[in-house]
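Please keep the sequence and the structure in view while reading.

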Amino acid sequence: MLKNIRSDIQFLKRHENALIYVKREDCIPFSFGGNKVRIGAELMSEAERAGCDHIISYGSEASNLNRVMAHMAENRGMGCTVIIKRDGKKEKSAHFNELILKNSRAHLVYCTRDSVRETVEAELSALTASGHKPYYVYGNSRGTGNEAVFLRAYGKAFLEIREYEKEKEMSFDHIFTASGTGMTQAGLIAGKISTGSGVEITGISVARQEEALKASILSALKSAGFGQAREDMVSVSDEYLCGGYGSYDSDIRSVVWELMTDHGIPSDPCYSAKGFAGMLRELERKGIEGNVLFIHTGGTPGFFDCISGGKGRHGF
Ligand SMILES: *Cc1c(COP(=O)(O)O)cnc(C)c1O
């Protein structure tokens, strides 16, 4: 499997007074790449270190984490159970991540948003009773306890960014990333704290209100041993939620097509294109200048969800 995960940083374009660079996490060479490959690799090492033989993952129907964990577990000869939350909304067209999962050897279990905890507990005890040693990616059944492992992934990515700055004799003034649970952003902040970097880091929230997202980033940092983290180190914008997780508009759809046709870069409207669209608006509104780095967190299967709806670049 993957040793030493790395990704390139490339110059994209000027936007007003900012020079936009992109860190191509989407090109990490395993299961379509993305931030979940970096995070998944940390989770697998932890699971192996703990002598576990079965991974339990959890996410939405469009979850990139579930896809990556299924493939990593299979690749390392471990069992895998994937818990999928169905949101109960009207059935949209199937997500490619779910189709890919259905063709893996992972055991798929569906739950509702109100039954996550009991579903995780039931799977953990069933596996334990049959002699397995399961590893639940989020820690305990309430989804806490494993923050340090998640944060390690983007703490390491931050060090790569520092190496790039050194090699190119430049520095980034601002880093932007799409922020869902905030673990990627928290890892970047952990890297910033460890290295004493002065870069600004802003998360474009794709799912949660600002206060809730900030609180989980701060508490993850504290649980991971960064007791010195303070609220003013966490910058989040929830102004580009566009109706919530998974929702998007023609503006985000245009970004999906602009990135693909002008730059040859796939992105998905749920995370990476929503984050990128939000970043462009922030650059304009705040007049941000200088070197700006966008962390392209992946989500390539979602690119195909977006374009297979049959609507083209200008339609919606
Ligand atoms: C999960 C995910 C994110 C969000 O990462 P968090 O650590 O949950 O904030 C962003 N982009 C993509 C493509 C993802 O799969």
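## Two domains

In this predicted model, the C-alpha centres of domain 1 and domain 2 lie 24 Å apart. Domain 1 is made up of two stretches of the chain, 9–34 and 146–314, while domain 2 covers 37–136. The two domains touch each other, with 25 residues of domain 1 in contact with 22 residues of domain 2.

## Confidence in the model

The chain has a mean pLDDT of 95, and 96% of its residues reach 70 or more. When the elements of the chain are considered one by one, strand S10 (residues 290–296) has the highest mean pLDDT, at 99, whereas helix H10 (residues 300–307) has the lowest, at 95.

## The surroundings of the ligand

Which residues are closest to the ligand? Of the 13 residues that surround the ligand, the closest are Lys-36, Gly-180, Thr-181, Thr-184 and Thr-297. Sorted by class, this shell holds 10 polar residues, 2 nonpolar residues and 1 charged residue.

A polar side-chain atom of Thr-297 lies 2.6 Å from a ligand nitrogen atom, and an N or O atom in the side chain of Thr-184 is 2.7 Å from an oxygen atom of the ligand. For Asn-35, the distance between a side-chain N or O atom and a ligand oxygen atom is 3.1 Å. Taken alone, the ligand exposes 380 Å², of which the protein buries 96%. Helix H1 (35–49) and helix H6 (183–195) are the elements that each give two or more residues to the shell around the ligand.

Terms used. Residues are numbered from 1 along each chain as its sequence is written. This is a predicted model: local features need pLDDT of at least 70, side-chain atom pairs count only at pLDDT 80 or more; totals for chains, interfaces and linings use all residues. Side-chain values use heavy atoms; hydrogens and water are left out. A residue is near a molecule or strand if one of its heavy atoms lies within 4 Å of it. A polar contact is a pair of N or O atoms within 3.5 Å; within protein, one must be able to donate a hydrogen and the other to accept it, and residues adjacent in sequence count only if both atoms are side-chain atoms. Accessible areas come from the Shrake-Rupley method with a 1.4 Å probe; for residues, only the protein chains shown count as cover. Helices (H or I, at least four residues) and strands (E, at least two) are DSSP runs, numbered from the N terminus. Ala, Val, Leu, Ile, Met, Phe, Trp, Tyr, Cys and Pro count as nonpolar, Asp, Glu, Lys and Arg as charged, and the others, Gly among them, as polar. pLDDT is the predictor's confidence in each residue, from 0 to 100. Domain bounds come from an automatic or database domain assignment. Contact means heavy atoms within 4.5 Å.
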